[in-house]
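Notes are below, in the order I looked things up.

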Amino acid sequence: TDHGHAANLGKKYLSRQKLCLPGMQEFWVNTHQGMPYFYVTGQVNEKLQQMIEEQIIPMLIDQAHTKTSEEPLFTIVFDREAYSPKFFGRLWEKHRIAVITYRKNVTDKWEESDFESHKVVIEANEVAMDLAEKETELDKVKLREVRRLGTNGHQTSILTTHPCLGINMIALYMFARWSQENFFRYMRQDYVFDKISQY
């Protein structure tokens, strides 16, 4: 058990709350619209990769609907914490689950002539983004790489195993992930969200 006197968890200092609390963390799964779907609880030393494979995917598969062979069963969007091309390939081969995430350790730059302007609608706002796509291979896993060219010349790199999602939708799902961050910030500030589960 994770709560109460039966829990056998070490303490961890949380600077945001300025308290020592049981070493737990929650992994929230939201829909593509940024709305909460479900969450799983793990000990603080558990990694996102482990939680995705052992807890999140079994729950998603229980809710899965049949799709065509080209379409993924699900597409999971997350930050760099679970980054591993081998992990991405394993999810696709084993479960037909696609990923969208930022690429780590990008050292090269694509030519600015590679980029084209695309309209991406985020939270009902139309945003013009300069995007480009190339195929890449990392750790023997074939991936689609999409980059956004910023006004200052910075290139943000996104990787995906999704075989047919449009380039503007890949950018949308990656950058709209901030709506989740804003949701949690708002809920903590105005509804004491992080104390509800402790209560």
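Predicted model: local features only at pLDDT ≥ 70, side-chain atom pairs only at ≥ 80, totals over all residues.

I started with the strand order: six strands make an open sheet, running 5-6-10-9-8-7, with mixed pairing. Strand 5 and strand 7 (116-122) are the edges, each pairing on one side only.

**Strand 6 and its neighbours**

Next I went to strand 6 (residues 97-102). On one side, strand 5 (residues 74-77) runs parallel to strand 6, and four bridges join them. Val77 has Ile100 as its bridge partner in strand 6.

Then I looked at strand 10 (residues 155-160), which runs antiparallel to strand 6 with three bridges between them. Ile100 turns up again here, with Thr160 as its bridge partner in strand 10.

I followed Thr160 onward: this residue is also the bridge partner of Arg144. Strand 9 (residues 141-149) and strand 10 are antiparallel and joined by six bridges.

**Helices around it**

Helix 1 (residues 48-62) lies across strand 5 and strand 6, at about 140° to strand 5.

**Buried or exposed?**

Side chains in a regular strand alternate between the two sheet faces, so I checked each face in turn. Ile97, Val99 and Thr101 are buried on one side, and Ala98, Ile100 and Tyr102 are buried on the other.

Conventions:
Residues numbered from 1 in each chain as written. Heavy atoms only, no water. Buried < 20%, exposed > 50% of the residue type's maximum accessible area, 1.4 Å probe, protein only. Helix = DSSP H or I, 4+ residues; strand = E, 2+ residues; numbered from the N terminus. Pairing = 2+ DSSP bridges. Contact = heavy atoms within 4.5 Å. Axes fitted to C-alpha atoms, helices over the stretch in contact; angles between N-to-C directions.
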